[in-house]
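Hello,

Here is the structure I promised to pass on to you. Have a look at it first, and then read on for what turned up in it.

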Amino acid sequence: AASLVVVAVGLAVWAYLAKRPAPVSPAGFDTTGKYIAVLPFRSLSSDPNTKYEAEGIADAISARLFSLGDVHPVSAPALERVDLNQRESTVAQLVGANLIVRGTVQSEGERLQVFVNLDDVQKTRVVWSGTFSGLRWDLFALEDQVASAIVDALNVKPSLQDQERRPRSEEHTSELQSHHDL
(Lines give C-alpha, C1' and ligand atoms only; values in the text may rest on other atoms or scores of the structure.)
Protein backbone atom coordinates (compact mmCIF):
# COMPACT_ATOMS: atom_id res chain seq x y z
CA ALA A 1 0.00 0.00 0.00
CA ALA A 2 2.85 2.36 0.83
CA SER A 3 4.43 1.76 -2.58
CA LEU A 4 1.13 2.66 -4.28
CA VAL A 5 1.06 5.95 -2.38
CA VAL A 6 4.66 6.71 -3.45
CA VAL A 7 3.80 5.94 -7.10
CA ALA A 8 0.64 8.06 -6.93
CA VAL A 9 2.52 11.01 -5.41
CA GLY A 10 5.27 10.63 -8.03
CA LEU A 11 2.72 10.68 -10.86
CA ALA A 12 0.98 13.70 -9.37
CA VAL A 13 4.28 15.61 -9.13
CA TRP A 14 5.23 14.62 -12.69
CA ALA A 15 1.81 15.72 -14.02
CA TYR A 16 2.12 19.07 -12.21
CA LEU A 17 5.63 19.74 -13.54
CA ALA A 18 4.65 18.74 -17.09
CA LYS A 19 1.82 21.31 -17.14
CA ARG A 20 3.86 24.22 -15.76
CA PRO A 21 4.40 27.16 -18.12
CA ALA A 22 7.85 27.79 -19.57
CA PRO A 23 10.30 29.63 -17.32
CA VAL A 24 10.02 33.41 -17.48
CA SER A 25 12.85 35.90 -17.13
CA PRO A 26 12.63 38.84 -14.70
CA ALA A 27 11.61 41.06 -17.63
CA GLY A 28 8.62 38.78 -18.29
CA PHE A 29 9.82 37.03 -21.46
CA ASP A 30 9.73 33.32 -22.17
CA THR A 31 13.36 32.24 -21.80
CA THR A 32 12.92 29.22 -24.05
CA GLY A 33 12.25 31.47 -27.07
CA LYS A 34 14.73 33.45 -29.13
CA TYR A 35 14.59 36.99 -27.78
CA ILE A 36 17.43 38.84 -29.48
CA ALA A 37 19.03 42.22 -28.90
CA VAL A 38 21.12 43.43 -31.84
CA LEU A 39 23.58 45.84 -30.27
CA PRO A 40 25.04 48.69 -32.33
CA PHE A 41 28.14 47.49 -34.16
CA ARG A 42 31.36 49.32 -33.29
CA SER A 43 33.60 50.87 -35.90
CA LEU A 44 37.28 50.06 -35.37
CA SER A 45 38.43 52.35 -38.17
CA SER A 46 39.32 56.02 -38.22
CA ASP A 47 37.21 56.50 -41.38
CA PRO A 48 33.95 58.24 -40.31
CA ASN A 49 31.99 56.42 -43.04
CA THR A 50 32.68 53.09 -41.34
CA LYS A 51 30.56 54.20 -38.37
CA TYR A 52 27.55 54.65 -40.68
CA GLU A 53 28.22 51.34 -42.39
CA ALA A 54 28.39 49.63 -38.98
CA GLU A 55 25.01 51.13 -38.04
CA GLY A 56 23.55 49.98 -41.36
CA ILE A 57 24.76 46.41 -40.88
CA ALA A 58 23.18 46.21 -37.41
CA ASP A 59 19.94 47.70 -38.78
CA ALA A 60 19.89 45.18 -41.64
CA ILE A 61 20.29 42.30 -39.18
CA SER A 62 17.45 43.64 -37.03
CA ALA A 63 15.19 44.08 -40.06
CA ARG A 64 15.88 40.53 -41.21
CA LEU A 65 15.16 39.13 -37.74
CA PHE A 66 11.93 41.15 -37.52
CA SER A 67 10.78 39.45 -40.71
CA LEU A 68 10.90 36.01 -39.04
CA GLY A 69 8.08 34.68 -36.94
CA ASP A 70 10.17 32.42 -34.68
CA VAL A 71 12.46 35.10 -33.27
CA HIS A 72 11.66 38.15 -31.18
CA PRO A 73 14.11 41.01 -31.75
CA VAL A 74 14.27 43.85 -29.28
CA SER A 75 13.18 47.12 -30.86
CA ALA A 76 15.64 49.96 -31.39
CA PRO A 77 13.67 52.30 -29.06
CA ALA A 78 13.92 49.70 -26.27
CA LEU A 79 17.70 49.55 -26.73
CA GLU A 80 17.95 53.35 -26.82
CA ARG A 81 16.46 53.54 -23.31
CA VAL A 82 19.27 51.38 -21.91
CA ASP A 83 22.86 52.36 -21.11
CA LEU A 84 24.74 50.11 -23.55
CA ASN A 85 28.01 50.62 -21.63
CA GLN A 86 26.76 48.17 -19.01
CA ARG A 87 27.64 44.48 -19.05
CA GLU A 88 25.90 42.61 -21.86
CA SER A 89 24.10 40.36 -19.37
CA THR A 90 22.66 43.46 -17.67
CA VAL A 91 21.58 44.98 -20.98
CA ALA A 92 19.97 41.67 -22.00
CA GLN A 93 18.09 41.42 -18.71
CA LEU A 94 16.83 45.02 -18.95
CA VAL A 95 15.45 44.51 -22.47
CA GLY A 96 14.24 40.93 -21.97
CA ALA A 97 16.70 39.23 -24.33
CA ASN A 98 18.38 35.88 -23.93
CA LEU A 99 20.57 36.29 -27.02
CA ILE A 100 22.75 39.20 -28.11
CA VAL A 101 24.22 39.96 -31.52
CA ARG A 102 27.29 42.16 -31.34
CA GLY A 103 29.96 43.04 -33.84
CA THR A 104 32.67 45.29 -35.13
CA VAL A 105 33.46 46.72 -38.56
CA GLN A 106 36.88 47.61 -39.94
CA SER A 107 37.67 49.29 -43.22
CA GLU A 108 40.68 49.71 -45.42
CA GLY A 109 40.07 51.64 -48.60
CA GLU A 110 37.06 50.05 -50.29
CA ARG A 111 37.22 46.83 -48.25
CA LEU A 112 35.09 46.14 -45.18
CA GLN A 113 35.64 43.41 -42.61
CA VAL A 114 32.76 42.51 -40.27
CA PHE A 115 33.17 40.40 -37.14
CA VAL A 116 29.94 39.14 -35.55
CA ASN A 117 29.13 37.15 -32.40
CA LEU A 118 25.83 35.65 -31.29
CA ASP A 119 25.96 35.24 -27.51
CA ASP A 120 23.69 33.28 -25.17
CA VAL A 121 23.77 35.58 -22.16
CA GLN A 122 22.09 33.09 -19.82
CA LYS A 123 24.68 30.40 -20.47
CA THR A 124 27.47 33.03 -20.86
CA ARG A 125 28.79 31.52 -24.05
CA VAL A 126 29.28 32.42 -27.69
CA VAL A 127 26.74 30.43 -29.72
CA TRP A 128 28.13 31.44 -33.10
CA SER A 129 30.81 33.69 -34.53
CA GLY A 130 31.55 34.78 -38.08
CA THR A 131 33.87 37.00 -40.11
CA PHE A 132 32.75 38.55 -43.39
CA SER A 133 34.56 40.61 -46.00
CA GLY A 134 33.14 42.75 -48.76
CA LEU A 135 33.43 45.94 -50.74
CA ARG A 136 31.80 49.22 -49.79
CA TRP A 137 29.97 49.54 -53.09
CA ASP A 138 28.36 46.14 -52.42
CA LEU A 139 27.31 46.82 -48.83
CA PHE A 140 23.79 45.41 -49.32
CA ALA A 141 25.20 42.03 -50.33
CA LEU A 142 27.50 42.05 -47.29
CA GLU A 143 24.58 42.93 -44.99
CA ASP A 144 22.51 40.11 -46.48
CA GLN A 145 25.37 37.64 -46.09
CA VAL A 146 25.79 38.52 -42.40
CA ALA A 147 22.04 38.45 -41.68
CA SER A 148 21.60 35.10 -43.49
CA ALA A 149 24.45 33.55 -41.49
CA ILE A 150 22.84 34.68 -38.22
CA VAL A 151 19.46 33.25 -39.25
CA ASP A 152 21.21 29.97 -40.10
CA ALA A 153 23.01 30.00 -36.74
CA LEU A 154 19.66 30.45 -34.98
CA ASN A 155 18.43 27.34 -36.80
CA VAL A 156 15.31 29.18 -37.92
CA LYS A 157 13.62 28.10 -41.11
CA PRO A 158 11.66 30.98 -42.64
CA SER A 159 8.01 30.18 -43.21
CA LEU A 160 6.33 31.08 -46.49
CA GLN A 161 4.92 34.20 -44.82
CA ASP A 162 8.41 35.12 -43.58
CA GLN A 163 9.85 34.69 -47.07
CA GLU A 164 7.12 36.88 -48.59
CA ARG A 165 7.77 39.64 -46.03
CA ARG A 166 11.54 39.59 -46.57
CA PRO A 167 12.94 42.18 -48.96
CA ARG A 168 14.56 40.67 -52.01
CA SER A 169 18.13 41.82 -51.43
CA GLU A 170 19.37 39.71 -54.34
CA GLU A 171 17.64 42.18 -56.68
CA HIS A 172 19.39 45.06 -54.92
CA THR A 173 22.73 43.29 -55.24
CA SER A 174 22.34 42.74 -58.98
CA GLU A 175 21.23 46.37 -59.39
CA LEU A 176 24.34 47.51 -57.51
CA GLN A 177 26.52 45.29 -59.66
CA SER A 178 24.95 46.70 -62.83
CA HIS A 179 25.47 50.29 -61.69
CA HIS A 180 29.01 49.58 -60.61
CA ASP A 181 29.90 48.04 -63.98
CA LEU A 182 28.72 51.13 -65.91
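Before the findings, one term: a nonpolar core is a set of buried Ala, Val, Leu, Ile, Met, Phe, Trp, Tyr and Cys residues joined through side-chain atoms within 4.5 Å. Please also keep in mind that this is a predicted model.

With that in hand, the largest nonpolar core has 28 residues, and the members that touch the most others are Phe41, Ile61 and Leu65. At least two residues of this core come from each of strand E1 (34-38), helix H2 (48-66), strand E4 (99-108), strand E5 (111-120), strand E6 (125-135) and helix H5 (139-153). H5 gives the largest share, seven residues. Another core lies apart from this one; it has 12 residues, including Ala78, Leu79, Val82 and Ala92.

If you set aside its neighbours within four places in sequence, Leu65 is in contact with Ile36, Val38, Val71, Pro73, Ile150, Val151 and Leu154.

Now for the chain as a whole. The protein chain contains seven helices and six strands, and along the sequence they follow the pattern α-β-β-α-β-α-α-β-β-β-α-α-α. Of its 182 residues, 36% are buried. Among the contacts with a separation of 6 or more, 57% are between residues 24 or more positions apart. The accessible surface of the protein chain is about 11,200 Å², and carbon and sulfur atoms hold 55% of that.

Two loop residues are also worth a look. Where is Ser46? Ser46 sits in the loop between strand E2 (42-43) and H2. Ser46 counts as exposed because its relative accessibility is 78%, and exposed means over 50%. From Ser46 to Glu108 there are 62 residues in sequence, yet their C-alpha atoms are 9.7 Å apart in space.

The other is Thr124, in the loop between E5 and E6. Most residues other than glycine have a negative phi. Thr124 is not a glycine, but its phi is positive, at about 45°. Is Thr124 buried or exposed? With a relative accessibility of 70%, Thr124 is over the 50% cut-off and so counts as exposed.

Happy exploring, and do write back with any questions.

Best wishes

Note on methods:
Residues are numbered from 1 along each chain as its sequence is written. This is a predicted model: local features need pLDDT of at least 70, side-chain atom pairs count only at pLDDT 80 or more; totals for chains, interfaces and linings use all residues. Side-chain values use heavy atoms; hydrogens and water are left out. Buried means under 20% relative accessible area, exposed over 50%, partly exposed in between (1.4 Å probe, protein chains only). Helices (H or I, at least four residues) and strands (E, at least two) are DSSP runs, numbered from the N terminus. Contact means heavy atoms within 4.5 Å. Accessible areas come from the Shrake-Rupley method with a 1.4 Å probe; for residues, only the protein chains shown count as cover.
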